[in-house]
Amino acid sequence: MLPALVILGAFVFWPMLAALRLSFTESSGFGPSRWVGLANYSTIFHDPKILKTLGITAMYAVMFTPTAIIVALLFALVLTNKALIGRGAFRTALFLPFIVSMAVAAFAWSYLLDPQLGLLNYWLSNVGIHLGNVLQDPRLALPTVVVVAVWKSFGFYMVVFIAGLQQIPEDLYEAARIDGAGRWRRFVYVTVPQLSTTFAFVVVFATIAALQAFDQIYVMTGGGPYRHTQTVVAEIYSQGFKKLDLGLASAISYVLLLITLVLSLVQFRFFGRHEKDVVG
Amino acid sequence: MKKVMLPLAVAASAVLALSACSGSGSDNTSAAGGDGASKHVSLTFWHGYTEADGKVLDQIVDDFNKSQDQVTITDVTKTWADIGDTLLTSLSAKTGPDLVALPAENLPIYASKGAFQKLDDFYDSDETKGASLNEQAVSMEKVDGSYYGVPTGFVPLSVIYNKKLFAAAGISAFPTTWDEWVADAKKLTKDADGDGTPEQYGLALPDHATVGNGVWPSLFYGGGGGLVDDSGHSVIDSDANVKTLTYWADAVRKDHISPTGLDGVKSDGLFSSGKAAMEIGGPWMAGVAADNKIDYGIAGVPGGSAGPAASAIGISAGVTVQADADQKAAAEKFFAYFFSQDVATKWSLGSGWPPLRTDIPASAVSSNPVVKALTGIAGTARPLLPGVANSVDVLAAVDEATQKALTGGDPAELLKAASATASQALSE
């Protein structure tokens with residue numbers, strides 16, 4: 001226990017406390033910092049540009065989380081069908097993007113989507129479809145980076161769902177069949193309740209991943225076009241590393257931490273209650 | 001409790017990313033160096049010269065190390081982006097460079113935040129005064145009345161063009177005015193299948209994140225406008241700039257001479273793949289064109305109503321707060337060596353950048369055709385936002401206006417909004 005506490009203290013809690021202290025200062029990382037109290041936190045809630053990044057992050061999460069979960073669940077359901085030949089190969093293929101670095105995946109997608117040089121645009125133009133410059137279109141840039149994130153990560157959630165599906169006792173389905181339940185009713189009344197713990201895990205992790213979206217945005221859009229994909233973490237990077245305002249960047253980090261914590265607790269509470277209802 | 005700890009631990013990673021930078025930064029102790037002139041001093045030098053220029057710089061550093069026995073410089077080649085991403089954290093952790101080169105427009109923000117040491121004593125020395133350094137280049141090193149860096153590169157943006165495509169379009173001479181430029185770009189734009197999306201563009205005109213952030217400032221200068229006046233106030237919404245932005249937005253939207261949504265990197269890609277006949281760029285594009293077997297020419301940016309003008313790409317080298325007094329003195333010794341006539345000539349010839357000393361005659365560098373061409377247009381160069389600490393915000397505001405204008409926005413309204421944003425940044 002003690003070694004774990006030492007490691008946690010040195011690499012998690014101490015840095016977090018240092019960042020908390022930093023959030024109450026005006027600091028560039030060079031030279032002495034100046035105590036400014038809550039000024040950085042006040043800036044966050046009075047600067048429309050920073051507030052907009054919270055809205056964009058929320059939009060990202062609303063698009064990413066359900067999409068990733070639904071796609072993952074659908075593939076998990078298909079790939080637990082014992083009648084399907086080559087299930088293992090499919091699972092591996094769909095899981096592969098997850099082990100690729102997000103930066104590498106984002107570079108690859110950037111080139112695929114390039115309107116002049118990209119293969120995807122070239123192929124689609126042969127059948128009369130012109131995607132255009134989706135990464136610089138203010139309406140399509142955010143959905144596009146969400147699609148890349150879903151492609152990259154749904155394989156992981158799929159594997160978690162597959163593990164959850166394999167834990168459901170077969171006799172529950174048999175009992176449902178005897179009671180006359182069809183495929184849809186078996187899914188709604190057996191599969192979904194039995195997966196509640198899995199859902200809790202996947203929803204919380206997908207939400208946290210969405211709130212921390214950065215890599216593919218940095219690579220694919222740089223936060224553009226004109227800040228339409230500037231998420232909170234992209235803003236933290238910009239404030240910290242481009243404007244050298246580490247105090248404000250730390251304050252934004254803590255606001256994000258708080259939002260993430262509250263959302264996660266609400267989700268755990270919701271799924272925990274749901275689980276009790278199922279068991280009870 | 002477990003349910004609290006799990007999300008807390010995972011969500012904390014964004015905070016942890018920042019906390020890596022939370023060192024006090026007040027301790028300037030350096031691992032290297034000594035306390036007397038006779039002691040040997042070691043310096044680490046980061047730079048982003050990754051092409052042929054990097055090899056020449058390596059050679060110059062090596063020659064400097066061999067020329068004396070008190071100072072040893074170890075140079076580390078990174079990309080410019082990598083330097084921007086890692087300089088802050090490395091200096092905070094006291095593992096950064098003692099000497100670093102970076103884009104000149106980024107120098108003011110690092111200087112204003114205390115990352116660099118003042119170099120006024122270096123500029124006051126007789127040796128530096130006698131070096132006849134390019135005044136425009138040196139002006140980019142000044143922040144709040146003090147010098148924080150030395151120029152290692154200063155070159156006006158220029159147009160690189162594909163001679164083969166020019167010949168195929170029947171164009172024999174490079175244009176000198178905007179009207180000629182757009183007319184030629186229209187001739188060079190080909191939409192063979194008539195689907196409204198040209199297969200070949202006359203010009204790759206980026207509308208954001210342009211090379212050295214200088215493409216639009218160059219056009220604004222050429223149209224008689226600018227970004228900031230001599231007293232540091234925004235003039236982004238001037239009538240001249242509105243006319244310039246309207247002119248180029250029309251050329252892109254109505255005549256389709258360039259795709260929209262390009263940044264500097266994508267523009268390079270279009271030109272080097274032969275899908276654009278012209279691009280506004282820097283000297284390194286000559287090497288990229290040669291690698292792609294493009295028969296290229298280099299010319300000055302054609303002039304608008306105010307004649308030819310171009311924003312300069314500047315590279316500065318500064319001494320970081322990590323360096324102690326001996327290391328700073330050693331760095332200045334290297335700068336003096338770097339600016340000596342022979343080394344400055346060697347650097348110009350090898351890097352493709354025009355000489356930083358004004359007393360080096362054009363004939364001394366004419367053996368390199370790129371340097372010769374760029375030296376011929378060096379008089380059009382203007383420093384970009386010298387001494388402006390919040391240049392990031394000013395340039396981002398301009399980027400937003402140009403990008404929106406090229407997709408149909410009203411130039412006057414967009415520049416007005418950009419000017420308001422820039423004014424706020426300039427007043428902070």
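α3(A) crosses α7(A) in a right-handed manner (a crossing is right-handed if the near helix is turned clockwise from the far one by less than a right angle, and left-handed if anticlockwise). The model is predicted, with pLDDT of at least 70 needed for local features and 80 or more for side-chain atom pairs, while totals for chains, interfaces and linings use all residues. Residues are numbered from 1 along each chain as its sequence is written, and chains are lettered from A and ligands numbered from 1 in the order in which they are written.

**Helix packing in chain A**

- Helix α3 of chain A covers residues 48–79 and helix α7 of chain A residues 141–166; they pack at an angle of about 40 degrees, their axes 6 Å apart. Axes are lines fitted to C-alpha atoms, for helices over the stretch in contact, and angles run from 0 to 180 degrees between N-to-C directions.
- α3(A) and α7(A) are therefore oblique to each other (under 35 degrees counts as roughly parallel, over 145 as roughly antiparallel, 65 to 115 as roughly perpendicular, and the rest as oblique).
- The contact of α3(A) with α7(A) comprises 24 nonpolar residues, two polar and no charged. Nonpolar here covers Ala, Val, Leu, Ile, Met, Phe, Trp, Tyr, Cys and Pro; charged covers Asp, Glu, Lys and Arg; the others, Gly among them, are polar.
- α7(A) also packs with helix α10 (residues 196–211) of chain A, at an angle of about 170 degrees and with the axes 10 Å apart. This makes α7(A) roughly antiparallel to α10(A).
- The crossing of α7(A) and α10(A) is right-handed.

**Chain A overall**

- Chain A contains 13 helices and two strands (DSSP runs numbered from the N terminus: H or I of at least four residues for helices, E of at least two for strands).
- The C-alpha trace of chain A spans about 75 × 60 × 35 Å along its principal axes.
- Of the 280 residues in chain A, 41% are buried. Buried means that 20 or more other C-beta atoms lie within 10 Å of the residue's own, exposed that 12 or fewer do, and partly exposed is in between, with C-beta atoms placed from the backbone.

**Helix α3 of chain B**

- Helix α3 of chain B (residues 52–67) has 16 residues, which at 1.5 Å a residue should span 22 Å; its end C-alpha atoms are 23 Å apart, which agrees. The expected span is 1.5 Å times one less than the number of residues.
- Asp53(B), Leu57(B), Ile60(B) and Val61(B) are buried in α3(B). They lie on the same side of α3(B), because they cover an arc of only 95 degrees around the axis (the arc is that of the directions from the helix axis to the C-beta atoms).
- Asp62(B) and Lys66(B) are exposed, on the face of α3(B) turned away from its buried side.

**Backbone geometry in loops**

- Most residues other than glycine have a negative phi, and most peptide bonds are trans.
- Gly224(A) and Pro225(A) are joined by a cis peptide bond, with omega about 0 degrees. Pro225(A) is in the loop between α11 (215–220) and α12 (232–242) of chain A.
- Lys293(B), a residue other than glycine, has a positive phi near 55 degrees. Lys293(B) sits in the loop between α14 (284–291) and β9 (296–300) of chain B, and counts as exposed with 9 C-beta neighbours inside 10 Å.
- Leu385(B) has a positive phi as well, near 45 degrees. Its loop runs between β11 (381–382) and α18 (391–405) of chain B; Leu385(B) is buried, with 25 other C-beta atoms within 10 Å.
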